[in-house]
Amino acid sequence: MSMSDPIADMLTRIRNGNTAKHDFVEVPTSKVKISIIEILVNEGYIKGFKLVKAGDFTNIKVELKYGATKNDKVIAGIKRISKPGLRIYAGKDELPKVLGGLGTAIISTNKGVITDREARKLQVGGEVIAFVW
């Protein structure tokens, strides 16, 4: 059976792993997912990731990040915005701010998958993939 929204599946796995206080979650690989995870690493929401061979497939092993204890979650929330049934686009002048700039919006642009801050700097709009705070 094919999956209709693999990005939402990845975000849900990260959210559920974070809620269950796991150290790692594994996600099937794609270029877009790797770009999104690189943004999460650069913004400080997760520790890191590595590609793991699982039989014929390659998975992304995502290392989740916590504060001093596992009760102090770094990711308070992660939400898919643009879905396959309803795509959400934002022009360069209407890019969203998550929690007044405290969170991060992940945008897919013609310059690649970037954060809302980078999109404002580059003066480009695109598809709003997700919010993380």
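Which residues of H2 are buried? The buried residues of helix H2 are Lys33, Ile34, Ile36, Ile37, Ile39 and Leu40, where buried stands for under 20% relative accessible area, exposed for over 50%, and partly exposed for what lies in between, with a 1.4 Å probe and protein chains only. The model shown in these views is predicted, and local features need pLDDT of at least 70, side-chain atom pairs count only at pLDDT 80 or more, and totals for chains, interfaces and linings use all residues. Residues are numbered from 1 along each chain as its sequence is written, and side-chain values use heavy atoms, with hydrogens and water left out.

**View 1. Helix H2 and the residue that follows.**
Helix H2 covers residues 31-42; helices (H or I, at least four residues) and strands (E, at least two) are DSSP runs, numbered from the N terminus. The 12 residues of H2 reach 17 Å from the first C-alpha to the last, close to the 16 Å expected at 1.5 Å a residue, the expected span being 1.5 Å times one less than the number of residues. An α-helix has 3.6 residues a turn, so residues three or four places apart point the same way. After H2 comes Gly44, with a positive phi near 85 degrees.

**View 2. The open sheet of three strands.**
The strands are ordered E1-E3-E2 with antiparallel pairing, and two strands pair if DSSP finds at least two bridges between them. Strand E1 (24-28) and strand E2 (46-54) stand at the edges with a single partner strand each, so one side of each is left without a neighbour in the sheet. Neighbouring strands are turned by 25 degrees against each other on average, direction ignored; axes are lines fitted to C-alpha atoms, for helices over the stretch in contact, and angles run from 0 to 180 degrees between N-to-C directions.

E1 pairs with strand E3 (residues 57-64) in the antiparallel sense over five bridges, with Val25 opposite Val62 in E3. Helix H1 (residues 6-19) packs on the sheet, touching E1 and E3, and its direction makes about 170 degrees with that of E1, contact meaning heavy atoms within 4.5 Å. H2 also packs on the sheet, where E1, E2 and E3 are touched and the helix direction makes about 150 degrees with that of E2. Phe24 stands opposite Glu63 in E3. E2 and E3 pair in the antiparallel sense over eight bridges, and the bridge partner of Lys53 in E3 is Thr58. In the hairpin of E2 and E3, with two residues between the strands, Gly55 takes a positive phi near 70 degrees.

**View 3. Salt bridges between separate parts of the chain.**
With a salt bridge defined as a side-chain nitrogen of Lys or Arg within 4 Å of a carboxyl oxygen of Asp or Glu, the count comes to seven. Asp5 and Arg80 meet in one of them at 3.1 Å, N to O. Because Asp5 lies in the segment before H1 and Arg80 in strand E4 (residues 78-80), this pair ties together parts that are 75 residues apart in sequence. Both Asp5 and Arg80 are buried.

**View 4. The salt bridge of Asp23 and Lys70.**
The closest N and O atoms of Asp23 and Lys70 are 2.6 Å apart in a salt bridge. Asp23 lies in the loop between H1 and E1 and Lys70 in the loop between E3 and E4, so parts that are 47 residues apart in sequence are tied together. Asp23 is partly exposed at 41% relative accessibility, and Lys70 is partly exposed at 33% relative accessible area.
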